[in-house]
Amino acid sequence: MDDQTSQEPFRRRLGRGLNALLGSSGMATDGGISGTSDQSDISLELIERNPMQPRKHFEESALIDLSNSIRQHGVLQPLIVRRFGEVYQLIAGERRLIAAKRAGLEQVPCRVIDVPDQGVCEVALEENLKRQDLNVIEKSEAFATYLNLFGCGVEELSRRLSMDRSTLSNFLRLNELPEEIKELVRGDRISGGHARAMLSLDPLQQQQLADRVQKEGMSVRKTEEAVRELLAANSDNGATVPFKKPGKSKPEMTPHVLSLQDQLRGLLGANVEIVLKKK
């Protein structure tokens with residue numbers, strides 16, 4: 001049996017959570033993850049961080065609470081690791097790993113599984129990217145990293161994660177933002193919705209608008225309106241502004257239409273603009 005065929009059961013389980021990958025009891029079942037699944041206490045010094053972990057930032061208060069809980073009750077749910085040479089590589093449970101170190105533990109309970117590199121990355125995506133508290137920039141960067149590492153397309157990855165293709169494309173577009181804007185999103189100084197609205201602007205205008213969003217407390221809707229005004233002003237650089245008859249205003253682009261426009265841009269890989277008519 002070739003490698004691709006042997007990994008098909010594993011791939012079919014993506015989109016259903018880690019319990020589905022490991023089986024309801026936590027053990028590998030019907031080839032979902034190759035090899036055996038053993039549980040044992042492992043020294044923290046032997047556990048390395050997963051380099052394909054999408055989450056880069058952890059809320060400090062949550063880590064403190066978890067560390068206090070572990071100090072009192074221990075680690076109640078085993079970490080998921082794989083053998084990696086003479087040490088172990090973490091697959092799932094990084095927050096527990098950090099908190100256990102803070103609590104002063106020397107060993108933690110771990111479930112050891114045998115899974116290939118691509119599977120490790122997919123489990124990390126599945127366990128982290130669908131959580132609402134994970135930053136949208138971390139999501140976009142993790143998706144881009146996966147595509148670059150394993151050379152697959154957006155359609156294939158969306159299928160593996162049981163995720164809408166247009167949603168995935170919209171996340172990937174956030175990688176086009178300059179680092180300064182990404183850092184504002186990471187720090188919750190502007191939202192992912194604000195950042196998406198700015199994608200069609202040049203970097204200088206993005207930064208200027210981001211400053212306005214912070215100073216004026218602009219909503220995403222107001223930000224979208226500001227972007228349209230800036231794009232109309234930019235049209236003097238090459239495109240002509242459509243003639244407006246006196247007393248007749250241009251139909252307003254609703255958030256729903258803007259969302260459709262973003263989806264078309266992601267699907268077609270082109271700068272699609274939806275032009276509304278009176279009716």
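**A walk through the predicted model**

R173 is buried, at 11% relative accessible area (buried means under 20%, exposed over 50%, partly exposed in between, with a 1.4 Å probe and protein chains only). This is a predicted model, in which local features need pLDDT of at least 70, side-chain atom pairs count only at pLDDT 80 or more, and totals for chains, interfaces and linings use all residues. Residues are numbered from 1 along each chain as its sequence is written, and side-chain values use heavy atoms, with hydrogens and water left out.

R173 belongs to helix α8, residues 165–173. Helices are DSSP runs of H or I with at least four residues, strands are runs of E with at least two, and both are numbered from the N terminus. The C-alpha atom of R173 lies 9.2 Å from that of R265, although 92 residues separate the two along the chain.

Helix α7 covers residues 154–160 and holds S158. S158 is buried too, at 4% relative accessibility. Leaving aside residues up to four places away in sequence, S158 touches M163, D164, R165 and L168 (contact means heavy atoms within 4.5 Å).

Next comes α6, residues 136–150. The expected span is 1.5 Å times one less than the number of residues. Buried residues of α6 include V136, I137, F143 and L147, and also E138 and K139. Just after the helix, G151 takes a positive phi of about 60°.

Now the strands. β3 (residues 79–84) runs antiparallel to β4 (residues 87–92), joined by five bridges. Two strands pair if DSSP finds at least two bridges between them. R82 has Q89 in β4 as its bridge partner. The two strands form a hairpin with two residues between them, and G85 in the turn has a positive phi of about 70°. β3 also runs parallel to β5 (residues 107–112), through three bridges. Here I80 stands opposite R111.

Last, a helix pair. The axes of α11 (residues 203–216) and α12 (residues 220–234) come within 11 Å and cross at roughly 150°. Axes are lines fitted to C-alpha atoms, for helices over the stretch in contact, and angles run from 0 to 180 degrees between N-to-C directions. From α11, Q205, L209, R212 and V213 meet T223, A226, V227, L230 and N234 of α12. By class, this contact has five nonpolar, three polar and one charged residues (Ala, Val, Leu, Ile, Met, Phe, Trp, Tyr, Cys and Pro count as nonpolar, Asp, Glu, Lys and Arg as charged, the others, Gly among them, as polar).
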